[in-house]
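Here is a short report on one protein model. Please look over the sequence and the 3D view before reading on.

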Amino acid sequence: MWDGRYVRFQGTTRNERGAYPGIFVLVNGLAREGRLTAEQECFRRTSNAWYDAAYTNPSHVDASVYDRERHPTAVAWFKSSARHLIERADGYLEILTAHGVEWVRLSSTDPGRVLYEDAVQIVVVPHASAAPGSASDVTRSR
């Protein structure tokens, strides 16, 4: 299914720090703007709670990982072996698609300089040449 060891779902437009925001940030942004339906909001809350319980927030282990001064473009990637986490992303992707927010699914064996790693994820500073479609395998929103 995926060629790389790591998988990431992200938007196609850089944010103010030069990073491509992940799907959790994008869906949470839609919620803050009041754009989600009641069903989408229920999914978001339930799924966010599930993800919070399912794996470690890297910034709880190392506060410097997402430090905006030191690592403004740091992003997280799932390890491809974390299927239980990757499979649940579909609902977030459906919400983004329904709201016209473009996204890509990336797969890579070398997404950047690793800042943090645990059993299911890594946080990296992407390589300087990284663009939304620069990984080895890319799937775009429909």
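The report covers one arginine and then the aromatic rings.

## Basis

This is a predicted model: local features need pLDDT of at least 70, side-chain atom pairs count only at pLDDT 80 or more, and totals for chains, interfaces and linings use all residues. Residues are numbered from 1 along each chain as its sequence is written, and side-chain values use heavy atoms, without hydrogens and water.

## Arg8

Arg8 sits in strand β1 (residues 6–11); strands are DSSP E runs of at least two residues, and helices are H or I runs of at least four, numbered from the N terminus. Arg8 is buried (under 20% relative accessible area; exposed is over 50%, partly exposed in between; 1.4 Å probe, protein chains only).

The side chain of Arg8 makes a polar contact of 2.7 Å with that of Gln10 (N or O atoms within 3.5 Å, one able to donate a hydrogen and the other to accept it; residues adjacent in sequence count only if both atoms are side-chain atoms). The Arg8 side chain also reaches the backbone oxygen of Tyr20, at 2.7 Å.

## Aromatic rings

Phe24 and Tyr92 pair edge-to-face, 4.8 Å centre to centre with 85° between the planes (Phe, Tyr or six-membered Trp rings with centres within 6.5 Å; under 30 degrees is stacked, over 60 edge-to-face, the rest tilted). Phe24 lies in helix α1 (residues 23–32) and Tyr92 in helix α5 (residues 90–98), so the pair ties together parts 68 residues apart in sequence. Phe24 is partly exposed at 21% relative accessibility. Tyr92 is buried at 0%.

Phe43 and Tyr92 also pair edge-to-face, at 5.2 Å and 70°. Ring pairs link Phe24, Phe43, Trp50, Tyr51, Tyr55, Phe78 and Tyr92 into a cluster.

Terms used:
Lys, Arg positive; Asp, Glu negative; His and termini not counted. Salt bridge = Lys/Arg side-chain N within 4 Å of Asp/Glu carboxyl O.
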